[in-house]
Structures are given as structure tokens and as C-alpha cells.
Amino acid sequence: MACWLYEGVLLYAVLFIGSYLFSSLTQTRHALANRHAQQGFLFLLLGIYFIWFWRRGQTLAMKTWHIRLVDRQGQSISQARASLRYLLSWIWFLPPIMLSWQAQITAAATLLVAACWVLLWALLSQFHAERQFLHDAIAGTRLVPAVAPA
């Protein structure tokens with residue numbers, strides 16, 4: 001979980017710079033103008049970030065916490081498998097986002113629903129035979145301890 005939190009801090013910088021770049025290039029003057037295009041751009045930017053690093057085995061946060069992403073045979077994953085894992089990992093966030101959008105609930109209620117969903121989703125991994133998250137089980141990937149450099 002600490003790795004996940006650290007990843008969030010790193011992603012804040014990635015998304016901040018990406019948002020600034022998008023707003024500058026499109027000359028967006030109002031936060032809600034081009035909102036859907038910006039969301040699509042940031043989705044692609046996150047995809048590039050994760051797929052690039054997962055293809056090499058570790059994101060920056062995973063390197064810090066000595067975690068490595070491999071396939072079922074213990075080898076580096078392909079770009080297609082990294083892309084599949086990226087798309088499937090949105091299961092962590094899409095259901096509460098869609099529910100809040102559909103039910104038109106407040107931001108505070110959305111955060112509560114999202115927190116409950118993430119907690120439930122994390123707990124479900126305890127029922128998997130190898131204690132994997134569903135997106136890893138479907139994508140054929142797993143997280144393993146990485147050897148720390150000497």
C-alpha cells in the first residue's frame with residue numbers, strides 16, 4: 001500500500017505537467033473548456049507512463065519498494081500484456097466514478113464510495129489462491145519481490 005501511495009505522489013507530478021502541457025498547447029483559458037479532451041489526453045499519458053515502466057518491470061515507486069512486475073513464468077511482460085493490465089487496472093476506479101456520475105452524488109459522497117470500493121477491491125485479493133488482484137490474474141501478471149542492488 002505504501003508503494004501505491006508513493007506512486008500517487010509521482011503521478012501527481014506527471015498529471016500536473018501533462019495538464020499544463022495540454023492547456024498550453026490548446027490555449028485553454030477555462031478549466032471546463034476541453035474537459036473531455038483533456039481527460040482523454042491524461043488517460044493516454046497515464047497509459048504511456050505505466051505501459052512504458054511495466055514493460056521494463058518496474059515503475060519508479062516499484063523500484064523504491066523493490067517490487068517487480070512479471071508474467072506467470074517470471075519473465076518481463078510484453079507491451080500487449082502491459083496495455084491489458086493498464087486497462088484492467090481501471091476496475092479500481094471506474095465503478096465508483098460511474099456510480100457517482102449516474103447517481104449525481106456530491107463530491108464527498110463520491111470520495112466515500114470510492115474509498116469503500118477500493119477497500120473492498122483490495123480485500124477481494126485475499127480470496128484469490130495466489131492473493132492476486134483481479135486485474136493481475138486476468139492479465140497474467142504478478143508482483144514479486146525485486147532483488148535490491150548491492
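## A lone salt bridge

A salt bridge is a side-chain nitrogen of Lys or Arg within 4 Å of a carboxyl oxygen of Asp or Glu. In this predicted model, a search of the whole structure turns up one of them. The partners are R85 and D136, whose side chains meet at 2.5 Å, N to O. R85 sits in helix α4 and D136 in helix α7 (residues 134-139), so the pair ties together parts that are 51 residues apart in sequence.

Are these two partners buried or exposed? R85 has a relative accessibility of 5%, so it counts as buried. D136 is buried too, with a relative accessible area of 3%.

The predictor's confidence, pLDDT, averages 90 over the protein, and 97% of the residues score at least 70. Helix α4 (residues 79-89) has the highest confidence, at 96, while α5 has the lowest, at a mean of 87.

W4, F93, L94, I97, M98 and W101 make a nonpolar surface patch of about 630 Å². Which part of the chain gives the largest share of the patch? That's helix α5 (residues 94-103), with four residues.

Take W101, which has its place in helix α5. Its relative accessible area is 60%, and over 50% counts as exposed, so W101 is exposed.

Helix α6 (residues 107-124) has 18 residues. From first C-alpha to last, α6 reaches 26 Å, close to the 26 Å expected at 1.5 Å a residue.

The buried residues of α6 are V118, W121 and A122. If you look down the axis of α6, they fall within an arc of 95 degrees, so they line one face of the helix. Here's a handy rule: an α-helix has 3.6 residues a turn, so residues three or four places apart point the same way. On the other side of α6, you'll find A108, L112 and L119 exposed.

Most residues other than glycine have a negative phi. Q27 isn't a glycine, yet its phi is positive, at about 55 degrees. You'll find Q27 in the loop between α1 (2-26) and α2 (35-55). With 47% relative accessibility, Q27 counts as partly exposed.

Q104 also has a positive phi, near 55 degrees, and is a residue other than glycine. Its spot is the loop between α5 and α6. Q104 is exposed, with a relative accessible area of 71%.

Note on methods. Residues numbered from 1 in each chain as written. Predicted model: local features only at pLDDT ≥ 70, side-chain atom pairs only at ≥ 80, totals over all residues. Heavy atoms only, no water. Patch = residues over 30% accessible without salt bridge, like charges linked within 9 Å, V, L, I, M, F, W, Y side chains within 5 Å. Areas by Shrake-Rupley, 256 points an atom, 1.4 Å probe, with all protein chains shown as cover. Helix = DSSP H or I, 4+ residues; strand = E, 2+ residues; numbered from the N terminus. Buried < 20%, exposed > 50% of the residue type's maximum accessible area, 1.4 Å probe, protein only. pLDDT = per-residue confidence, 0-100. Expected span 1.5 Å × (residues − 1). Arc of directions from axis to C-beta.
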